[in-house]
Amino acid sequence: MKIKSKSKEKIIKTFLNLSASEDIAEIGTSNIIAVSGVSRGTFYNHFSNKKDILEYIEKMMCKSIDEVFRKVDQNDENYIDELMDEIFPIIYNDREYNKVLYLYYQSEFFDFITERYSKYFSGLFKNYNKKIANWPQYFTIQYFFRMMLNIILLWLSEPFPVDPDEFKYIFKELMNTSIADICGIEI
């Protein structure tokens, strides 16, 4: 994520650094101003409050990911591989921002990401067979997307996540294997 304004970048980095050691709910605007070294006026020129910082981070991250989804052709037989090759490095490089958004928003962040991006996977369900899975197609799309998102969030929340190229293979294996098979159980 590239931030053009040096003072805005300083505020955001201070917020991220504080969030690494403090509960985000406990971090106040005054604390961010004091630790960042920017003036109160400079802070308020960029942000009204802590929530504005989080919304800015969310907007900047989505901008890069949105560009990838617009660029990659959904009809390409390598659609998922192309997405992984493009998106995994972005979210890996911005993993500290992702962690903060996820930890602060949790369900809201999860719902926001699901609503914003699950539509890009609906084309994968053209051959959906209701006889195999006797529930609505929209449910299966949501399930599929949320499984993907959970695997990605687990990866990013690791203290030292593997690089995107290595993760791509782990991701594919997890998505293509049932948890019952992995555990050797029948549910």
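Lysine 168 sits in helix 9, which covers residues 164-175. The model is a predicted one. Lysine 168 has a relative accessible area of 12%, and because the cut-off for buried is under 20%, lysine 168 counts as buried. Leaving aside residues up to four places away in sequence, lysine 168 is in contact with Asp81, Met84, Asp85 and Phe88.

From here the text turns to empty space inside the protein. Rolling a probe the size of a water molecule over the atoms shows where such space is left. The structure has two cavities of 30 Å³ or more, and the largest cavity has a volume of about 370 Å³. It is lined by 25 residues, of which Ile87, Ile91, Ile113, Leu149 and Ile152 are the closest to its centre. Two or more lining residues come from each of helix 4 (50-71), helix 5 (79-93), helix 6 (95-105), helix 7 (107-117) and helix 8 (137-157). Sorted by class, the lining of the largest cavity consists of 23 nonpolar residues, one polar residue and one charged residue.

The last stop is serine 19, a residue of helix 1 (residues 6-21). Is serine 19 buried or exposed? Serine 19 is buried, because its relative accessibility is 15% and the limit for buried is under 20%. A polar atom of the serine 19 side chain lies 2.7 Å from the backbone oxygen of leucine 16. Not counting residues up to four places away in sequence, serine 19 also touches Ile24, Ile27 and Val100.

Technical notes: Residues are numbered from 1 along each chain as its sequence is written. This is a predicted model: local features need pLDDT of at least 70, side-chain atom pairs count only at pLDDT 80 or more; totals for chains, interfaces and linings use all residues. Side-chain values use heavy atoms; hydrogens and water are left out. Helices (H or I, at least four residues) and strands (E, at least two) are DSSP runs, numbered from the N terminus. Buried means under 20% relative accessible area, exposed over 50%, partly exposed in between (1.4 Å probe, protein chains only). Contact means heavy atoms within 4.5 Å. On a 1 Å grid over the protein atoms alone, a cavity is a set of points where a 1.4 Å probe fits but cannot get out, and a pocket is an open set with protein on both sides within 12 Å along at least five of seven lines; lining residues have an atom within 4 Å of a point. Grid points are joined across faces, edges and corners, and a volume is the space filled by probe spheres set on the points. Ala, Val, Leu, Ile, Met, Phe, Trp, Tyr, Cys and Pro count as nonpolar, Asp, Glu, Lys and Arg as charged, and the others, Gly among them, as polar. A polar contact is a pair of N or O atoms within 3.5 Å; within protein, one must be able to donate a hydrogen and the other to accept it, and residues adjacent in sequence count only if both atoms are side-chain atoms.
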